[in-house]
Amino acid sequence: MTLELIWWLTYVALGGVVGIMAGLLGIGGGGIMVPVLTSLFVLQGVPHEHLAHLALGTAMAAIIPAATASLLSHHRHGAVGWQTVRVITPGILIGTFMATFIAALIPTRGLAIFFACFMVLMSLQMLANLKPKPSRSLPGPVGLSGVGLGIGGISALVAIGGGSLTVPFLTWCNVKLPRAIGTSAAVGLPIAMAGALGYIINGWATPGLPNAALGYVYLPALLLMAPFSILTAPIGARLAHRLPVALLKRVFAVMLMGLALQMVYAVFTA
């Protein structure tokens, strides 16, 4: 078995795992993809200064198909608050797109530390099962646009579809959980698209990237991960009705922390 074939099979497996976890726990794949891709890129000899950027851009692009499928599914169930989506999306697009330009200026180690800190905080929230209590209504257009800027900016720096930020915000604003999840799914698509485009533009013609990279998006990983994540997501959704999801969420939270710390170790020892 050639080394290249081993890489391809690894990307397929990563896509499959991401799909199952997304279907099982309703969690996007950036928390898994970014640290694993970073470690794989280290082994493949990608220059140190491009490791985190290539992992973030590739993960963002890989989220697009899954975000599309999730949006359509929630729309069919009438669970998307389209008025909220229309108002928040301009801020989401601007925040996500502009944050990729900021990311391009941050060294790999800085991005890895920010990613790890965010994932540790998210994992602790999952372990403690902290949920904001509904205490207010949705803000007006200006307020929602500002929230969109923030959600988009953070999402671009850690390659997430925004669900871990959007759902708590919406539930805090008295949006019922099913509608909050559906609305968050709809917001995830513009986040992924703007983030992927921004990373492509920022990595365009950058020397030292792999030959098969489109900017900061590594096409072989994208083309192998994305379809398998879509194929395995329904498996995860079915398992969600049979397995102790609350316990699995805690296990997943610990795994996220471990992967984030592994990413920091990889970029500091590469």
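Biologist: Is Ala-159 buried or exposed, and at what relative accessible area?

Modeller: This is a predicted model, in which local features need pLDDT of at least 70, side-chain atom pairs count only at pLDDT 80 or more, and totals for chains, interfaces and linings use all residues. Residues are numbered from 1 along each chain as its sequence is written, and side-chain values use heavy atoms, with hydrogens and water left out. Buried means under 20% relative accessible area, exposed over 50%, and partly exposed in between, with a 1.4 Å probe and protein chains only. Ala-159 therefore counts as buried, with a relative accessible area of 0%.

Biologist: Where is Ala-159 placed, and what phi does Ala-159 take?

Modeller: Helices are DSSP runs of H or I with at least four residues, numbered from the N terminus. Ala-159 is in the loop between H6 and H7, just after H6. Ala-159 is not a glycine, yet its phi is positive, at about 55 degrees.

Biologist: What span does H6 reach from its first C-alpha to its last?

Modeller: H6 covers residues 141-158, which is 18 residues. The expected span is 1.5 Å times one less than the number of residues. For H6 the expected value is 26 Å, and the helix comes close to this with a reach of 26 Å.

Biologist: At what angle do H3 and H9 pack, and how far apart are their axes?

Modeller: Two packed helices are described by the angle between their axes and the distance between the axes. Axes are lines fitted to C-alpha atoms, for helices over the stretch in contact, and angles run from 0 to 180 degrees between N-to-C directions. H3 and H9 (residues 219-239) have an angle of about 35 degrees, and their axes are 9 Å apart.

Biologist: Which residues is Ala-196 in contact with, leaving aside its neighbours within four places in sequence?

Modeller: Ala-196 lies in helix H8 and is buried, with a relative accessible area of 5%. Although Val-217 is 21 residues away in sequence, its C-alpha is 7.5 Å from that of Ala-196. Contact means heavy atoms within 4.5 Å. By this rule the partners of Ala-196 are Met-60, Ala-61, Ile-64 and Val-217.

How values were computed: Helix = DSSP H or I, 4+ residues; strand = E, 2+ residues; numbered from the N terminus.
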